[in-house]
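Student: I would like to learn how to read salt bridges in a model. Can you take me through some?

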Amino acid sequence: MTEKTKKIHIELKSGESGITSFAGLWPAVELFRKAGLPRTIDSAVGARSSRGFRDSEHILSLVLLHLSGGSAADHLPFLKEKLSFEKLGVPVPSPSALRKWLNEFHNGDEDGKRGMGKAFIPEENGYLKGLGTVLSRLFTFAVTGAPRKHITLDQDATFIETEESGANWNYKGQKSYQALNTYCPQYDLVAGTRYGDGNVPPGWKQKEELERILHNLPGEVKGVSLRSDSAGYRTDLLTWCTEGKHSRFGYIPVGISCPVGEEFKKAVRAVPEEDWKPLGKERGGKQEGNGTVQEWAEIVYVPINLGRKKHGRDYRFLAVRERWDGLLSPQKERQEEGKTEVGSGSRFIPRRPALLHRSHPAS
């Protein structure tokens, strides 16, 4: 005989429950405090030292807004409602307060120096320089907790599209601003960033930005390697790194994508077929990975801009090619939809080549 189901007592109450689906953000708050960032931010930035929300409270709100999927100041009320963090000492500013605070970082004196057809990075005001100090101290905190003697710095420019009337057009035909970020994969942290207009070439004054980042690295770091896309293929940056001109780190190994010019293409076509080697591990005669067969080879190539000195450094140019089935992207899409068979007449096409520096001839 089935036991009679007992009644469940339900009591309804008005007001806040204190339960939130955003509780996963709390570890980020704890880490923010553990790293000493509130004190560091308030002392280094100083835009809101005595009135309203503090600098550290504005920055923590922006961090939490980003982590929760928000993308605008107007999303702050939603974040404030869902977090219920104010009871735990995490105040969230209003959208208007945040906008006023962000405006403090604009250096209006530099506005007249910018314009179309001219690369320009505005001089940072004191508050913006303070944010750079915060990034450096955060990176130092990570290095101190897990020291590494050698790290990699990956420099890459990111366009930030905007509809703002004063923004300039980038080379992709988009109105944007631009951030040149220096990222360290060993710590999964940005070591520094430079903000500028969209029309600034991504590699413009990249050496100066690298020098600034190196100056702020903690003492535990003894060696540095540089990685960049083709924006970093600049003579001043390459020679400065490979000729050991930095007073602290000396020789800096580089791995940089190089432009594909006609002379480089000729050098690639001249590589004997037997010199191409499989890229990646192979098992059972097949390459592991996504199924694309890739090969690499070292290219005999000496560009004029890097080969002017008789006793200058040697550089290695590597090229990667992958098997192509002869179909263009739209054809590939139709092939996937129709599950049609691909013919056997595949051939190799080149991918982005890379320049590596070596301090001695390859064996």
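**Reading the salt bridges**

Tutor: Lys-266 and Glu-263 form a salt bridge, with the closest N and O atoms 3.6 Å apart. The term means a side-chain nitrogen of Lys or Arg within 4 Å of a carboxyl oxygen of Asp or Glu. This is a predicted model: local features need pLDDT of at least 70, side-chain atom pairs count only at pLDDT 80 or more, and totals for chains, interfaces and linings use all residues. Residues are numbered from 1 along each chain as its sequence is written, and side-chain values use heavy atoms, leaving out hydrogens and water.

Student: How many residues apart are Lys-266 and Glu-263 in helix H9?

Tutor: They are 3 residues apart in H9 (residues 262-269), about one helical turn. Helices (H or I, at least four residues) and strands (E, at least two) are DSSP runs, numbered from the N terminus.

Student: How many salt bridges are there by this rule?

Tutor: The count is 13. Among them, Asp-74 pairs with Arg-99, at 2.6 Å between the closest N and O atoms. Asp-74 sits in the loop between helix H3 (55-67) and helix H4 (76-83), and Arg-99 in helix H5 (residues 95-103), so the pair ties together parts 25 residues apart in sequence.

Student: Is Arg-321 buried or exposed?

Tutor: Buried means under 20% relative accessible area, exposed over 50%, partly exposed in between (1.4 Å probe, protein chains only). Arg-321 has 10%, so Arg-321 is buried. Glu-273, at 51%, is exposed. Their side chains meet in a salt bridge (2.4 Å, N to O). A network of salt bridges links Glu-273, Glu-295 and Arg-321.
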